[in-house]
Structures are given as C-alpha cells and as structure tokens.
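Here is a short note for a colleague opening this structure for the first time. Please read the points with the model in view.

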Amino acid sequence: MGYISDAMGVRKVFPRVPSNTKLAVEVPLLFQEPDIYHGYRDNYQPFSYYTGSAFWLHNESVNVWTHLIALMVLLRQTWSLCSNLDLLNDGHAQVFAVYCFGCCAYTLASALAHLYQSRDELTHHTCFYMDYAGVSLYGNATALACYHLASPSSFFHFWRGWFMPLNCFLSVTMCACCGFAKYKYRRPYPKTRKYWQIISSGLGYAQIISPVYYTLIHQLYNRQTTPLGQDFYLHLLQCALFVPGSLFFAVPYPQRFWPGLCDLFGHSHQLFHVFMSLMTYFQMKALYLNVIQKRDIHTDLSNPSFLTTFGYVLVVLVLDLVVVWVLRMKTYQKLKKEAKD
C-alpha cells in the first residue's frame, strides 16, 4: 500500500508538478517513498547536480531546509550563548559547548543526507548511515549536558559512574540498529524496520531525558519552597515538542490520508524535522539557563574533567564512524553481488 505504478494517472491528477522532477514510478524502488507520488530528482547525476538542487523545489527540499535553517539558527545561538561563558576554565561551560556541537552535527548530517541521498544506491545508504551517526552523537552530547547541568544532586550521585557509559552503549546501539535495519530490509519496508528504529531510539531518549523529567518532578514537588524558574518551563516545552515530533516520525501521516497531496509540503518527515528543530532550540536555551542560574548546585557536584566532557563524545564518534564504515562496506558488497546476479 502507498506505492504506485500508473505514471499517466499521476500526471492527470498532478499536472503542475515541477518540470525538473520525476514521478515515483520513474525512479528505482529504493528511492520511492510510500504515498509520495512526485517531486523526485534524477538519479546517477554528478554531486554538483544534488548540491544545486538545494535551490529548487522537489520532495526533499523541505527536509533539507528545515535542518539547514535550524543549523544556522543553532550556530548563531551557540556563538551568542557560549560567548558569555568561561570555556577555558569552567567545566560545565565546556559541557554546554560539547552539547552545542552535537546539536549542530545532527542537523548538518540530516540536511546533507536528504540533499545527496538520491544520487545512487551506495550514496543513499551511506547518507543515512551518517544521519544515524549524527543523531547518535547528538544523543550522547545531550545526555552529557542533561546529566551535568539539569540533574539535582540526588540524581547525579545515584547515577554517578555509570550514566554516561550506559548512554555511550545506547547511543552506539541506536546507530547500529537503525543502520542495520536500513541495510537489511528492502522497500517496501516491513514494520519490523520501524521497530528497530523506534525501540533503539526510544531507549536512548528515555535515558537521555531522565535527568530532565526527574528535575521537573522534583521542582513541582518542591514548588512551595522553591519557585519554578524559566528553565523549568523551557524544559517542559522541549519535552512537549518531542511528543508530536516522535509521532510524526513513527507514523506515515498526514500523507497516508491524502496520497500525493503532501509530496512537496506537509509530509510527516518534514513535520518531524520542524518539531525536532524547535525542541533543540528550546532545549539549548534551557540548558544554558541551567549553566548560569545554578552555579551553586554545580559547585557541590564534581567539576567535569576532560574525560567526562570530551572523552565520551569522542568514543561515541569513533564507534559511530566504525559502524558507518562497516555498514557501508557490507552495502557495497551486497550491491556488487546483486549487480553480478
């Protein structure tokens, strides 16, 4: 369900499709999306063709620009916020800077993946392997920031010594599971592929955000003695934005209701990008307030060292790149075998 085979019927329904794009039936099955009937780019073109396609309309344009715009906004906000912090001497400021790097890395990886994935089969897989690595890196950097900046001392000391190692494992596992599911399954994808993605990502997110949820509950419980600060409402907002974002990632709506009408604007993955970008924006603001408003709480906790600030993120980055390399080589061998057959 959701794939089409009648090009003529689509041309009658959508006579004004962009002239420099193709219909779904005119591109290989790998590049087709369920319920997305038109707006596809040519395959097997030079990289310059796909770079230039960032500036004309096709069914990946919004996916590219939602995260390119988010990247530019986050870079500006990173510069503005980090310029007020002592990055050389304050370990918690360094944690925040590493978190900002993770935010920019995942939005850049996602934008590039959607921009270049249509070139050929190997590039398609490699782009999304890198996309998963970017999300994994962002998750690890966010866990680092939430643990050191947003958790009360009781939570911090309870998890001390194993919160970040556990997150390293979950982050790399998420990258490996999503990548393996991309490698293993063919279109039309079975629901099992989505389970691989949702379960691995969900477990990682639950652990990443646990300091924030603990803090929200802790602050609500103690609101009689301690007034709720602006950081509370910003964290509440970023958690609220994650809910519709994750739903749009998990389900193929609204395009399943109106096949062909959401090809260029309103596709579920586009909405997922919008909500995740907004979530990241407000999350960054909340964690910045945690840095500057809670210095007394941070002083009572251990000052992050080089290992706890950069070490875990570097480990996850290296392991993610190993996962990407292994999966890319497996994909290359698989495509080469299929070409011979």
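1. Start with the contacts of Ser210. Neighbours within four places in sequence aside, Ser210 touches Phe155 and Phe163. This is a predicted model, so keep that in mind throughout. Ser210 sits in helix α8, which covers residues 191-221. Its relative accessibility is 18%, so Ser210 counts as buried, the cut-off being under 20%.

2. Next, the rings. Both contact partners of Ser210, Phe155 and Phe163, belong to a cluster linked by ring pairs. Tyr50 is buried, because its relative accessible area is 0%.

3. Now the charges. Side chains of opposite charge can pair when their charged atoms come close. How many salt bridges does the structure hold? There are five. Three of them are taken up in the next points.

4. Arg187 and Glu33 form a salt bridge through their side chains, at 2.9 Å from N to O. Arg187 is in the loop between α7 (163-184) and α8, while Glu33 is in the loop between β1 (22-23) and β2 (38-40), so this pair ties together parts 154 residues apart in sequence. Are the two partners buried or exposed? Arg187 is buried, because its relative accessibility is 10%. Glu33 has 32% and so counts as partly exposed.

5. Asp35 pairs with Arg256. The closest N and O atoms of this salt bridge are 2.6 Å apart. Asp35 lies in the loop between β1 and β2, and Arg256 in the loop between α9 (230-250) and α10 (268-293), so the bridge ties together parts that are 221 residues apart in sequence. Asp35 has a relative accessible area of 3% and is therefore buried. Arg256, at 23%, counts as partly exposed.

6. Arg186 meets Glu338. Their side chains form a salt bridge with an N to O distance of 1.9 Å. Arg186 lies in the loop between α7 and α8, and Glu338 in helix α12 (residues 306-340), so parts 152 residues apart in sequence are tied together. Arg186 is exposed, because its relative accessibility is 52%. Glu338 is partly exposed, with a relative accessible area of 32%.

7. Two lysines deserve a look beside aromatic rings. The charged end of Lys184 sits over the ring of Tyr185, at 5.6 Å from the ring centre. The charged end of Lys194 sits over the ring of Phe249, and here the distance to the centre is 4.3 Å.

8. Last, helix α5. It runs over residues 121-149, 29 residues in total. From first C-alpha to last, α5 reaches 42 Å, close to the 42 Å expected at 1.5 Å a residue. How much of α5 is buried? The helix is mostly covered, with 26 of its 29 residues buried. Look also at the start of α5. There, a side-chain oxygen of Asp120 comes to within 3.1 Å of the backbone nitrogen of Leu122.

Terms used:
Residues numbered from 1 in each chain as written. Predicted model: local features only at pLDDT ≥ 70, side-chain atom pairs only at ≥ 80, totals over all residues. Heavy atoms only, no water. Helix = DSSP H or I, 4+ residues; strand = E, 2+ residues; numbered from the N terminus. Buried < 20%, exposed > 50% of the residue type's maximum accessible area, 1.4 Å probe, protein only. Contact = heavy atoms within 4.5 Å. Salt bridge = Lys/Arg side-chain N within 4 Å of Asp/Glu carboxyl O. Expected span 1.5 Å × (residues − 1). Polar contact = N/O pair within 3.5 Å; in protein donor to acceptor, adjacent residues only side chain to side chain. Phe/Tyr/Trp six-rings, centres within 6.5 Å; stacked < 30°, edge-to-face > 60°. Lys NZ or Arg CZ within 6 Å of the ring centre and 35° of its normal.
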